[in-house]
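Subject: Structure handover

Hello,

Here is the structure you asked for. Please open it alongside this note; my findings follow below.

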Amino acid sequence: MKLRIVSVVGARPNFMKLAPVDRELAKRGDVEHVIVHTGQHYDPEMSAAFFEELWIPAPDYHLGVGSGSHASQTAAVMQRLEPVLTQTRPDVVLVYGDVNSTVAAALVAAKLGVRVGHVEAGLRSGDWTMPEEINRVVTDRLAALLFIPSREAGHNLLAEGVPSDRMHFVGNVMIDSLCWALSRAVERNAAAQRGLSDRGYVVATLHRPSNVDDPATLETLLDALHCLSRDLPVVFPVHPRAKQRLCDAGLTPGRNGGDLRLIEPVGYVEMLSLVASAALVITDSGGLQEETTFLGVPCLTVRPNTERPITCVHGTNRLVPPRRDALLGAAGRAMERRPPVRPMIERWDGRAAERIARVLCEDECFEVEAVDQVSDNARELSELQDRAPGQLRRAAMFATKEVLT
Ligand code: UD1
């Protein structure tokens, strides 16, 4: 009998994670892969465009939940998904990332006694004001299979008492999609099409409530981007949430000599093309922190914390507060210290989805080390600290430095 796997996705960052998993499962004759789209994101450029570009088949079910408060959106996904799962009776439900659709689907599946697999498990910002953090913690608690993108994600789970046999260190599915699309993105040469030169512009994306919901913060950020655009053009694909907030606050980009371009959200390949050739990325997105690290493009994340500290310690990412001077200073420094080679992160190698399929279909294990090995690592780290305190302190400070300035 075929293994029946249902993937539930709903919002833009889910689609890039689903695509490589779907491609891997499609290669296997012994799996039936059913795709459910909750409809959390519904604008064509936030949803359908990604299915097309990433070669994801049309969803088998579309729940059409749309926008709403967190409670109503989560509840709508739960109510509409339950009959689908009751009817399809899957062996496993796969959920992705940290959006409201993720936690809603995990709750429904777990209560129906269906095994939940969480792709991109174990990330923690420690920031409970972020809805995504609540979604991550609850989803991980409900999941029987935790697919970990990095060792530190496994260590977060071990610290919460999750048994290591539930975790599989498979790597990062976002990077699978990136590797798959990179040659097309380079060919697309989106920068040249917009009259921009290689490494001669900045890409900005901001949509988190902490940055766009308060008009004063949003104005400060827009002002900083405008100021930066006097030196380098800034391309800002505007998320619908940010667009709404800009409109509500009556904000438009300033005109005094800058080149700040507010454009509609762009597709996956075009965005990758723009990011790959950028001098700098300014963002509050999770995925872009990872993509810029993989590509070696300097990145400033406008947040006080990140659930992806590996991108600060080993990658090109730095945190920065939503203040004009801090942002402008950090932008200059980030571009000056662009790494000569791309950082290498363990298992960010384009094969994470293949490992997920091997876990699901062949019962393979990709172990995260047990707790005593984690404490061995901690011991090694403290020994290293004695030997090279400056070096380690610098690594740790990467994550917080810009916040402190
Ligand atoms: C969601 C995720 C966030 C992710 C982001 C990526 C949660 C809690 N948040 O945030 O983690 O980084 O997606 O995009 O799930 N809207 C449209 N058209 C759309 C989708 C949204 O106009 O296709 C507008 C609506 O006004 C909606 C608002 O954007 O109310 C917010 O959408 P929602 O899906 O609730 O959350 P995001 O801010 O997109």
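The largest pocket is lined by 50 residues. Pro13, His41, Met46, His207 and His239 lie nearest its centre. By pocket I mean an open set of points on a 1 Å grid over the protein atoms alone, with protein on both sides within 12 Å along at least five of seven lines; lining residues have an atom within 4 Å of a point. The elements that give two or more residues to this lining are helix 1, helix 3, helix 5 (131–142), strand 9 (234–237), helix 11, helix 12 (268–276) and helix 13 (286–295). Helices (H or I, at least four residues) and strands (E, at least two) are DSSP runs, numbered from the N terminus.

The volume of the largest pocket is about 1,200 Å³. That is the space filled by probe spheres set on the points, which are joined across faces, edges and corners. The lining splits into 22 nonpolar, 16 polar and 12 charged residues. Ala, Val, Leu, Ile, Met, Phe, Trp, Tyr, Cys and Pro count as nonpolar, Asp, Glu, Lys and Arg as charged, and the others, Gly among them, as polar.

A caution before the contacts: this is a predicted model, where local features need pLDDT of at least 70, side-chain atom pairs count only at pLDDT 80 or more, and totals for chains, interfaces and linings use all residues. Residues are numbered from 1 along each chain as its sequence is written, and side-chain values use heavy atoms, with hydrogens and water left out.

Now the ligand. Its space is the largest pocket (more than half of its atoms lie within 2 Å of the grid points). Of the 19 residues around the ligand (a heavy atom within 4 Å), Gln40, His41, Asn100, Glu132 and Arg241 come nearest. This shell holds 5 nonpolar, 8 polar and 6 charged residues.

Polar contacts are pairs of N or O atoms within 3.5 Å. A polar backbone atom of Asn100 is 2.8 Å from a ligand oxygen. For a backbone N or O atom of Tyr42, the distance to a ligand oxygen is 2.9 Å. A polar side-chain atom of Ser67 lies 3.5 Å from a ligand oxygen.

Best wishes

How values were computed:
Polar contact = N/O pair within 3.5 Å; in protein donor to acceptor, adjacent residues only side chain to side chain. 1 Å grid on protein atoms, 1.4 Å probe; cavity = no way out; pocket = protein on both sides within 12 Å on 5 of 7 lines; lining within 4 Å.
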